[in-house]
Amino acid sequence: MGFTRSDWRLIVITLVASAAAGVTHFGKIGGTVVPFIVAAIALALLASLVGRSVENLADRLGAGATGVVQSALGNLPELFVVLFALQKKLYDVATATIVGSILANVLLVLGLAFFLGGIKHGPQKFGGDAARTLSVLLFLSVAALLVPSLTAALGSHATKAALHERNLSVVVSILLLCLFAASLPSSIKRQQAEEGHGAADKPVKAAAMSAGAEGTVVADGGASAAEPAAEKPGAEASGKGAGKGAESGHGPTWPLAVALAMLAITGVGAAFVSDWFVAALEPAMDSLGISQAFAGLVIVAIAGNAVENVVGIQLALKNQSDFALSVILQSPLQIALVVAPALVLLSPLVGASFTLVLSPLLIAVLIMAVVIAVLVVLDGESNWLEGATLMVLYGIIATAFWWG
């Protein structure tokens, strides 16, 4: 089939974790906390297997298209979790998860990457335009996402506007999805052009970048090998798969039929495990005394993005700061442009009415986090102290939501 030892290990661990999640859910084993923890672990592993499946489509799709598909499908488990939360009328969990997914990436994960990378390598510079473009696009997308909230809270006819929250959210969602669709051709062409330019200096298969970029740097062992790899903005398209390169050392090996079958199986598995996760969420919250806002903002958001977050941190430790930034910032951008709008449009299918109207505190922390992330990225340099500050800010925000 073309599976490597790493592939088999991930598949087996995911199967075991998913089976354990099913047993604890249907068997009512472990009280209220154990089923929740096991389901969260299984969900994170399924997200990793979805990413691995997409990586192995790279040869057929091209690196640019692979990055887009990988980013979209990487958030599939999170999308299922929020839909099931909406079905159970856990609106605070759903809303906080959207905001928490963005906060976790731009504060916690970016902070960890800066902190660990700074301790190991000293100040790190990222000169690629891709990271700065992503950060600005993230700010603009979040600004558009907040228009319904600001209209409801600050509009001159706020009471009347509240009657049309759903309609405004639908319009904003459609426009954001159109923006995402319109950006795809130019994004893919730009990434492919950049990779083609980089290949003139050092011939490497574009698809192999996804799985072997880090292994190339480690093998060469010198700064001169690391720098060209870090300067390729095309990393934003394939960075999520870069983490396994050091282990495998080669490109995707799965046949097309196997990759598509694995993608379908993991997608179905993510749907089931997401249902079990949400079913265990409410009893766990009551048992642990956790508010819906904290559960969505911290626990669900981190569980849904755990694997790709680890990849971004690993890249920072490899001193590939451009790669790391592209990976870390791509996820919240997809949340703002795709996941949140999709939830607004899909929520009626589960008997819910989800809007983009957030509480004042969620609005404030989201604006603050994104503005800080943009400022940190635009100066082109990071250090461990900036990373520590970002993590402390995330901890303070998370604590503020502990009680609701």
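Colleague: What does the secondary structure of the protein chain come to?
Modeller: Residues are numbered from 1 along each chain as its sequence is written. The model is predicted, so local features need pLDDT of at least 70 and side-chain atom pairs pLDDT 80 or more, while totals for chains, interfaces and linings use all residues, and side-chain values use heavy atoms, without hydrogens and water. Elements are DSSP runs numbered from the N terminus, with helices being H or I of at least four residues and strands E of at least two. The chain comes to 19 helices and two strands.

Colleague: What share of the 404 residues counts as buried?
Modeller: Buried means under 20% relative accessible area with a 1.4 Å probe, protein chains only. For the 404 residues, the share is 55%.

Colleague: At what angle do the axes of α1 and α15 cross?
Modeller: Axes are lines fitted to C-alpha atoms over the stretch in contact, and angles run from 0 to 180 degrees between N-to-C directions. The axes of α1 (residues 5-26) and α15 (residues 256-288) come within 10 Å. They cross at roughly 35°.

Colleague: Which residues of α15 are met by α1?
Modeller: Contact means heavy atoms within 4.5 Å. From α1, the residues involved are Ile11, Ser18, Ala21, Gly22, His25 and Phe26. Their counterparts in α15 are Met262, Val273, Trp276 and Ala279.

Colleague: Why do the buried residues of α8 line one face of the helix?
Modeller: In α8 (residues 147-154), Pro148, Ser149 and Ala152 are buried. The arc is taken from the directions from the helix axis to the C-beta atoms. The buried residues line one face because, seen down the axis of α8, they fall within an arc of 100°.

Conventions
Buried means under 20% relative accessible area, exposed over 50%, partly exposed in between (1.4 Å probe, protein chains only).
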